[in-house]
Amino acid sequence: MCLVYPNSYFVGMSNLGFQAVYHILNSLDYVVCERVFLPDAGDIREFDRTNTCLFSLESQRPLAEFDIIAFSISFEEDYLNILKIFDFAKIPFLSSERNKAKPLIMAGGVAVTLNPEPIADFFDLFAVGEGEEFIPEFLDAFRTAYHKARTKQGLLQALIAAAGVYIPSFYHISYQGNLIKEFKPANGSPEKIKSRKVKNLNAFPTPASNILTNETNFRNTYLLEVERGCGRGCRFCAAGFVYLPPRERGLQSLKDEVLEGMAATKKIGFVGAAVSEYSGLKPLCKTVIENAGELTLSSIRLDALDQDNLQLFKNGGYKTMTIAPEAGSERLRDVINKRISEKDIIMSTSLISKAGIQKLKLYFIIGLPTETIEDIETIVNLVLKIKTAMHGGLITVSINPFIPKPFTPFQWCGYEDMESLKNKMDIIKKGLKIEKGIKLSFLSLRQGYIQTLLSVGDRRVGKILLSAYAKGWKGALKNAAADADFYANRPRGFSEILPWDFIDTVIKKEYLLEEYERALKAQTTPPCNVGKCVRCGVCDI
Ligand code: SF4
């Protein structure tokens, strides 16, 4: 097998999910798994000059010669890179143009678990959901099928029954105008594809970075997953909903893992959608600090910042604290179910400052449902209040446009008109630009628009992607402006068939709609109460 990350080595090896899958695959005694990354610009010129096909890192075998090519896809921004990789490997883009059973080209990862449709035409098969149980089961089915099947069609047919497998060519889609009229399974395919979820994380080894390198965002850091899923229910957050229910790993085994990692490096990184919610966070951090290690946490919720935790983070080498109020006004924070008051934010900021941490990074989203200009002005006011509470130091304010994501209560929303977003950006720039000690950064609005198109688009978006690969996004969007706006800007109707409706994440669609309606009334919803709650449908108790 070849495991492909559709971005550079640096980005791919920063991804714990990619590293974990690589490890699982190579731990199977009948699998040899190698890796391919998107070549760097200099290497691409060399590939072109020498007319060389893209090859694997480990044995320099051409990509097209593997039995299975499996892409690990976390971000929609990497979709164009998939086409680049096909191109460099001299593999036809469309699954329908590849007739041989070998290589089978498949993809998994959170982006395709949310909505694989924009790239459906390029892949033979998708793996939907979490990998731990899926991978050995699927490869077992593949081994049997591969030796028997004479054609690619026969191979795919034999894999239909594997839980979590989605074969896009076995579904026929008809349209009424621009809307999906019918999403019809053929060849005996299931109507819904159940997204795989691991019930007991502790039954599987902790995903950890088994390869340490300087060439990642987390230089020589031993990353390990402490929990999966977040029960806070922020209504814009796909990672929060898709990984429900929140699941923790056992403290003792994590402590052992930490010590094992520390034999190789002093830097330990805890990964998860809600790391600061982990019930054993304090003793786990202490294990790192007592062994003179350095700590990184992939996410820290503002309400976890008490004096004790901050001291631990400081002792663990934290110099910058990142917090995400997301919205300026309390009303809008209730709309998104952030459930954090301005008083909490200011109090946490004072504690950060008192703990001697001098750098703060703040995340805000603009273009959220029901947002007004007043909400934008409160971002400016809130940042100024935070600055006062920090008593000096440096504050970086990162502003990102809201991108609607499948399987969230905001999946029906559109991306805000770019003129309106620009106006909102200008208000923030004007309000904060002369402030010393405040640095502003914005995600490009066009990039946000493209990400929306690729997040919520249907199978026809594949054509826009092909055109973007040939001419660049500017040319592609010029030619397909009306279609692209249809996907990106338009609020979707509640009775519409959504492109990702065929995936069963077990979260009830009615629950998402209920949450959306509560959002419009600025009503908050309490966090998950695992073991006592069945409201979203994920926990079967
Ligand atoms: S059923 Fe309740 S506890 Fe379980 S994931 Fe859904 S909201 Fe959370």
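User: In what order do the 3 strands of the parallel open sheet stand?
Analyst: This is a predicted model, in which local features need pLDDT of at least 70 and side-chain atom pairs count only at pLDDT 80 or more, while totals for chains, interfaces and linings use all residues. Residues are numbered from 1 along each chain as its sequence is written. Helices (H or I, at least four residues) and strands (E, at least two) are DSSP runs numbered from the N terminus, and two strands pair if DSSP finds at least two bridges between them. The 3 strands of this open sheet pair in parallel, in the order 10-13-14.

User: What angle does helix 9 make with strand 10?
Analyst: Axes are lines fitted to C-alpha atoms, for helices over the stretch in contact, and angles run from 0 to 180 degrees between N-to-C directions. Two residues are in contact if their C-beta atoms, placed from the backbone, lie within 7 Å. Helix 9 (residues 251-262) packs on the sheet and touches strand 10 and strand 13. Its direction makes with that of strand 10 an angle of about 165 degrees.

User: In the sheet of 6 strands, which residue stands opposite Phe-126?
Analyst: This second sheet is open, with mixed pairing in the order 2-1-3-4-5-6. Its edge strands, strand 2 (34-37) and strand 6 (165-166), each pair on one side only. Strand 5 (residues 125-127) and strand 6 are antiparallel and share 2 bridges. In strand 6, the residue opposite Phe-126 is Tyr-166.

User: At what angle to strand 1 does helix 2 run?
Analyst: Helix 2 (residues 16-27) lies across strand 1 (2-5), strand 2 and strand 3 (68-72). Relative to strand 1, helix 2 runs at about 180 degrees.

User: Which residues of helix 4 are buried?
Analyst: A residue is buried if 20 or more other C-beta atoms lie within 10 Å of its own, exposed if 12 or fewer, and partly exposed in between, with C-beta atoms placed from the backbone. The cover over the buried residues of helix 4 includes strand 1, helix 3 (41-50), strand 3, helix 16 (445-456) and helix 17 (461-471). Within helix 4 (residues 79-88), the buried residues are Tyr-79, Asn-81, Ile-82, Ile-85, Phe-86 and Phe-88.

User: What radius of gyration does the protein have?
Analyst: The radius of gyration is taken over C-alpha atoms, and the globule rule is 2.2 Å times the number of residues to the power 0.38. With 541 residues, a compact globule would have a value near 24 Å. The protein agrees with this, as its radius of gyration is 23 Å.
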